[in-house]
Amino acid sequence: MMSAQLQQPSDPAASSRGAAAPTPHESHGSSNGISFAPLVNRVAQSLSPYVRSRSNSPVAWQLLDNEAVSRARSENKLIFLSIGFLASHHCHLAHLESFSDPTLATLLNTEFIPILIDREEHPNYDYIYMKYNESLNSVGGWPLNVFLTPELEPVFSGTYWAPPGVTNSTSDEDEADGAGRPLDWLTVVRKVHSSWKDEESRVREEAQQNCAELARVISEGMVDHSPDIQQSQQDPSIVDYTQDLDGELDLEQIEEAFARITRTFDYSFGGFGQQDKFLTPSKLSLMLRATHFPTEVQDVAGPKDCTSITDSALHTLNRIIQGAVHDHIGGGFHRHSVTRDWSLPSFEKMLIDNALLLGLFLDAWLLSGGRRGDELAEVVKEVADYITSEIMMSGGGGFFTSEAADSCSKRGDPATRNGAFYLWTRKEFDTAVGDESEAEVAAAYWDVQGDGNVDPIHDPLDEFLNQNVLRIAKTHTEVSKQQGMSVTEAKQRITSAREKLRTYRERERVRPVVDTKIVTAYNGMAIVALSRASAVLRNQDPTRATKYLAAAADAAKFIKTKLWDSSQKILYRAYCNTRFDTAGFAEDYAYLIEGLLELYEATADESWLQWADELQSAQIAQFYDDAPSTATNGHAKCGGFYSSTIDAPHTILRVKEGIDGSQPSVNSVSVSNLFRLGALLNDKRYTYLAKASVNAFSVEILEHPNLFPGLLCGIIPWRLGGRHWVAVGDSDAAMSLFHKAPRAALSTLRYHNPQNTNSWLRQRDPSLNLREAGIYTQSNENPATYRKIDASDMPWTQNQPATAEWTFD
């Protein structure tokens, strides 16, 4: 479902943090007879808050660098790789219950090279080894624990094993006979070590087979690659970028995707499937767009079906807002729901989830009419307020990564608990609200019960005994009838209770730990959402609009100052007090470019567009697959973007990712960027590369179109063009009209000043010669032709709001 090239890990010396190989020492034996110094916990050398948080662990955690890999090879030991992130409850739990166990720690330190990785710093490693784990265990999750050969090939993996001692194993014989007991850490680690010690050649052979099979599984889209194609850039051939590409993809794939999506949709509770629910922003975004896609798309998919699928997306967002994944007191949303009905969340709060949800809520609001004071408008502002709060924003610009799931139950108590900051007993809830009548109304609204509202079936360890997680159980109207008061009075009491609960929570509780990494890709997502929110709200709530835009611009300036090397054309991944040495991945370029395009269209400041153009050139140079295609004649390239560079250290696979998961894939975002830049700059090469990148995944899209919502949106501009406006003189009016449209097919807004002939944009594209003030639209049939817009160019100002009903009232 994505494509990859198998490669030997690059020379460890290429790692910017690499150190010399360890020197022999008397105090520690190894299997080849050479002695080395005992391992020492090295995580304090990392800049990652997650990795550094394990500095007191008895496990002698190493970094994935030259020193650790060289030592594994010199000592001929397996690497134990653990990948996680700071906000994760299960990563925190593994640290407390398993990695703090002295027996397990000693075993890992003496017989393995234990390495700890922050998945948010190194998504490339996480992606590759998670795919292996999913192929082995059919499930994913974190911490991801993988045993590797010294050549970094996977041997065995898992995400959860019982803490040491749970199975009461006392000997190897007991472990061997304990088939009926759950695997615990000591059992797994001992068995893996025993296999390596006794059957190393077999383990190595199987690891090589695992690696080859992994490459095969994730290389299904590489049908146009010759098997002997080198990974280095090929001798560049002249490509006629004005010619269209041949390809099988067409609008019918969108129809088929809608049909498959509806088969898994949960019409009772929204979302997909019958178990735990993820936010699936890319899929919901495609569904929201359906009723505003061009007529040609709606005719193929069926107008009624388009309405139905958009209503299903709105229904899902409604359930998400009402559910426990929503922090009803402090704003923002948790990572996902562990229940089908959104009633119990996984308590991590991530920047990426909130940024992507902000865009979805913005589109849902616009689809519903975009009225001032609408409930959806309040949700939009609430999420944007959370992202721009002191909790999530760095004082110098940029947004932090997450808030942890675990925190102390109360001030002065060192013990941490999952969701402690967000849970309430009925007694504490009533105490915080104070007024008995007000507490009764609020408790009815949020389903606060005396014995707690968490279903025991979802709490097998009594972790949430007598606890309540707030979720909207009744509408304002239902509460008003139950309590014998007007709807207005019920709303007022709920609002009052919310403020009291917020004040109490901030005063009495310890806020979860914030991961203060500033990740380029995640900041790009936040810049996108905040720029759009600012543009939409500029006439309705100018104070907030100004705040959001300033936050987005400050984040972009921070990245340009701290994480962009303009001389080397290299973007870096992250910052925490100082810049990480980790070079940016394709997703960092893609999300940041998208954010800069939104900033340009929200401000008319072409410096943002200029930087986006510069970054796009750098992304193409470092990540684009320009190997000659064997599937077509002439000078066509394979197309698409690899996630990492060819010389990425310690990387066994180079992946081209097309499937959208918890975040849009790098290729879906890059395709959108290329189409937009191609239109804004009149750059035929960008447009051609966008089409080629969609086409690179054609075999997979034809087979599983529902897995590629982002790339499906790229088919529309490929086949139908887009809506491209030019504002001459009256930028405010153009900005207001343009941003009132929900996102659908490709659309761009270019600002043109005929008097400023020396501007960068005029130099970049001197072909535009419009002089009379007005808002113009480009002809898709003849791109050199423009006309002033009329009512037919603004259907969103005439359409009725979406039919799905919101049930807050």
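Biologist: Is S368 buried or exposed?

Modeller: In this predicted model, S368 is found in the loop between α13 (351-367) and α14 (375-387). The cut-off for the buried class is under 20% relative accessible area, and S368 has a relative accessible area of 5%, so this serine is buried.

Biologist: Which backbone oxygen lies 2.9 Å from a polar atom of the side chain of S368?

Modeller: The side chain in question belongs to a residue in the loop that runs between α13 (351-367) and α14 (375-387). A polar atom of that S368 side chain is 2.9 Å from a backbone oxygen, and the residue that carries this oxygen is A364.

Biologist: How many residues apart in sequence are the parts that E428 and R509 tie together?

Modeller: The side chains of E428 and R509 meet in a salt bridge, with an N to O distance of 2.8 Å. E428 lies in helix α15 (residues 426-433), whereas R509 lies in the loop between α18 (487-508) and β15 (514-515), so the pair ties together parts whose separation in sequence is 81 residues.

Biologist: Where in the chain is R573, the partner of E587, found?

Modeller: The side chains of E587 and R573 form a salt bridge at 2.7 Å, N to O. The pair links distant parts of the chain, 14 residues apart, with E587 in helix α21 (residues 586-603) and R573 in the loop between β18 (570-571) and β19 (574-575).

Biologist: What relative accessible area does R573 have?

Modeller: E587 is buried, with a relative accessible area of 12%. R573 is likewise buried, and its relative accessible area is 0%.

Biologist: Which helix holds R764, the partner of D683?

Modeller: D683 and R764 meet through their side chains in a salt bridge of 2.7 Å, N to O. This pair links distant parts of the chain, 81 residues apart, with D683 in the loop between α23 (666-680) and α24 (684-695) and R764 in helix α28 (residues 760-764).

How values were computed. Residues numbered from 1 in each chain as written. Predicted model: local features only at pLDDT ≥ 70, side-chain atom pairs only at ≥ 80, totals over all residues. Heavy atoms only, no water. Helix = DSSP H or I, 4+ residues; strand = E, 2+ residues; numbered from the N terminus. Buried < 20%, exposed > 50% of the residue type's maximum accessible area, 1.4 Å probe, protein only. Polar contact = N/O pair within 3.5 Å; in protein donor to acceptor, adjacent residues only side chain to side chain. Salt bridge = Lys/Arg side-chain N within 4 Å of Asp/Glu carboxyl O.
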